[in-house]
Amino acid sequence: MPPRDPGVLPRQVKLFGGVSLLNDFASEMIYPLLPAFITGVLGAGPQALGALDGAAEFAAALVKLGAGRLADRVPLRGRLIVLGYFIAVVVRPIIAATGAAWQVIGLRVVDRLGKGLRTPPRDALIADVTPADLRGRAFGLQRGMDHAGAVLGPILAWWLLASGSANLRTVIAASIVPGIAVLVLAMWAVRDDAGSGRLGEVREVRGGRDGAEQPSPTSSNLPQPSRLAPLLAISAFYLLRMPDTLIILRSQQLGVPVAVVPLLWAAVHVVRSSSSFLGGSATDRLGPRRTMWLGWLVYAILAVGMAGAGTAAAAWGWFLVFGLVAGLTESPERALVARLAGSHQGSGFGMYHGVTGFAALVGGVALGAVFQAYGARPAFLASAVGGVALVIAWPLVSTRERGEP
């Protein structure tokens with residue numbers, strides 16, 4: 001096949017960007033409605049919301065560890081990716097039929113199991129087919145398209161609710177429609193990868209311009225002293241970060257109507273999508289460590305702002321700026337993991353997603369408990385204090401900054 005322009009992202013990256021857009025279209029029709037569904041329709045409290053996010057991410061984390069190991073076997077990647085999307089597409093609409101919070105949590109866990117199965121092989125594939133100096137942009141595209149889908153889904157949910165043509169349960173059930181499109185495009189993307197010969201090029205790239213930047217295959221697992229600090233720091237951020245469901249609940253408490261929450265969520269993802277492209281580009285220019293640090297600094301400032309907010313307008317303003325955090329952290333995290341994982345991209349991403357998922361579980365449950373026992377302000381302030389501590393500590397422990405491009 002003719003050589004690819006070295007400045008252009010591979011076609012597989014673009015295809016998986018489309019898959020991410022459609023999948024989040026389906027997922028985010030549901031997610032912003034879960035706080036109202038669980039607390040209003042099912043009668044549970046903030047701690048249930050913290051447990052919802054935490055348990056779901058922990059379940060995904062466990063699966064990601066195993067899926068990452070399997071993803072090192074290149075021929076298995078396509079099957080794992082398609083199966084992971086299939087599980088999510090089938091399970092999500094069933095939430096509409098639940099009658100208790102524990103049922104929603106259980107189905108959300110199964111949904112995240114699908115995410116755990118597909119994410120490491122997908123990220124490993126993206127890292128493998130993309131030259132090292134384009135990985136920030138590659139993951140920026142994937143995250144940007146993901147968040148773009150998270151704009152479209154809530155807008156449709158808002159229209160259905162505002163027009164009176166559907167209730168919460170109907171909107172949740174309707175997520176099956178874009179879900180089917182997800183499966184079709186995912187199978188196309190996997191088949192395109194299998195037939196393109198791209199994996200043969202990967203070995204050439206690894207021995208070429210990537211070779212000087214990647215650790216040797218014998219030392220490419222993440223849990224080594226030189227690579228442990230970045231993983232621990234990223235995990236600390238997931239531990240202290242406020243779950244999105246609790247941010248949505250805080251916005252409702254400040255006066256944002258339930259029917260308008262999908263619009264707010266869509267607007268947040270407009271910011272996340274656009275900032276993901278900027279964050280990916282910044283990662284390639286400044287290095288992932290500096291870009292992550294900026295994201296953590298923004299988070300600490302905004303957590304303080306959300307703690308002190310007193311009106312619906314303030315909730316809108318602070319929540320929208322929260323979107324910058326994802327754009328400045330998600331792409332550099334993945335680019336850094338891809339660099340440190342070397343020839344074991346699957347297990348590297350499996351460990352990254354697994355450890356951060358466990359941190360999200362502990363943090364989500366803890367912050368949910370503080371929210372329920374003491375209120376929103378102490379919970380957000382506690383999260384902000386952790387963010388400030390991470391911002392101060394990271395430059396001191398990040399000893400390999402000079403080695404980044």
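Helices here are DSSP runs of H or I with at least four residues, strands are E runs of at least two, and both are numbered from the N terminus. This is a predicted model, where local features need pLDDT of at least 70, side-chain atom pairs count only at pLDDT 80 or more, and totals for chains, interfaces and linings use all residues. Residues are numbered from 1 along each chain as its sequence is written, and side-chain values use heavy atoms, with hydrogens and water left out.

**Stop 1: the whole chain**

Show the cartoon. The chain has 16 helices and 0 strands. Of its 405 residues, 59% are buried. Buried means under 20% relative accessible area, exposed means over 50%, and partly exposed lies in between (1.4 Å probe, protein chains only).

Now show the surface. The accessible surface of the chain is about 14900 Å², and carbon and sulfur atoms hold 69% of that. Such areas come from the Shrake-Rupley method with a 1.4 Å probe; for residues, only the protein chains shown count as cover.

Contacts come next, meaning heavy atoms within 4.5 Å. Take those with a separation of 6 or more: residues 24 or more positions apart account for 86% of them.

**Stop 2: confidence**

Colour by pLDDT, the predictor's confidence in each residue, from 0 to 100. The chain average is 82, and 87% of the residues score at least 70. Select residues 196-222. There pLDDT stays under 50, and the model has 62 contacts beyond four places in sequence for this stretch. Then select residues 400-405. This stretch also stays under 50, with 18 contacts beyond four places in sequence.

**Stop 3: helix α3 and L65**

Select residues 46-71. This is helix α3, and L65 is in it. L65 is partly exposed, with a relative accessible area of 37%. Which residues does L65 touch, not counting those up to four places away in sequence? They are G350, M351 and G354. L65 and V355 are 290 residues apart in sequence, yet their C-alpha atoms are 8.4 Å apart.

**Stop 4**

Select α4, residues 77-91. This helix has 15 residues and reaches 22 Å from its first C-alpha to its last, close to the 21 Å expected at 1.5 Å a residue. The expected span is 1.5 Å times one less than the number of residues. Buried residues of α4 include G84, A88 and V91.

Move to α5, residues 101-129, and pick D111. Is D111 buried or exposed? D111 counts as buried, at 1% relative accessibility. Beyond its neighbours within four places in sequence, D111 is in contact with A88, V91 and R92.

Step to R112, also in helix α5. R112 counts as buried at 7% relative accessibility. R112 touches S27, A56, E57, A60 and R118, leaving out residues up to four places away in sequence.

**Stop 4: helix α12 and its end**

Select residues 261-286. Helix α12 has 26 residues and reaches 35 Å from first C-alpha to last, close to the 38 Å expected at 1.5 Å a residue. G287 follows α12, and its phi is positive, near 100°.

**Stop 5: the aromatic cluster**

Select F237, Y238, W265, W296, Y299, F319, F322 and W394. These residues form one aromatic cluster. How many aromatic pairs does a search of the whole structure find? It finds 9. Rings of Phe, Tyr and Trp (its six-membered ring) pair if their centres lie within 6.5 Å; planes under 30 degrees apart count as stacked, over 60 as edge-to-face and the rest as tilted.

Zoom in on Y299 and F322. Their ring centres are 5.7 Å apart and their planes are at 55°, so the pair is tilted. Y299 lies in helix α13 (residues 288-308) and F322 in helix α14 (residues 312-341), so the pair ties together parts that are 23 residues apart in sequence. Both Y299 and F322 are buried.

Now show R241 with Y238. The charged end of R241 sits over the ring of Y238, 4.7 Å from its centre. The cut-offs for this are NZ of Lys or CZ of Arg within 6 Å of the ring centre and within 35 degrees of the ring normal.

**Stop 6: L324**

Finish on helix α14 with L324. L324 counts as partly exposed, at 33% relative accessibility. Leaving aside neighbours within four places in sequence, L324 is in contact with V271, S275 and V298. L324 and V268 are 56 residues apart in sequence and 8.8 Å apart in space, C-alpha to C-alpha.
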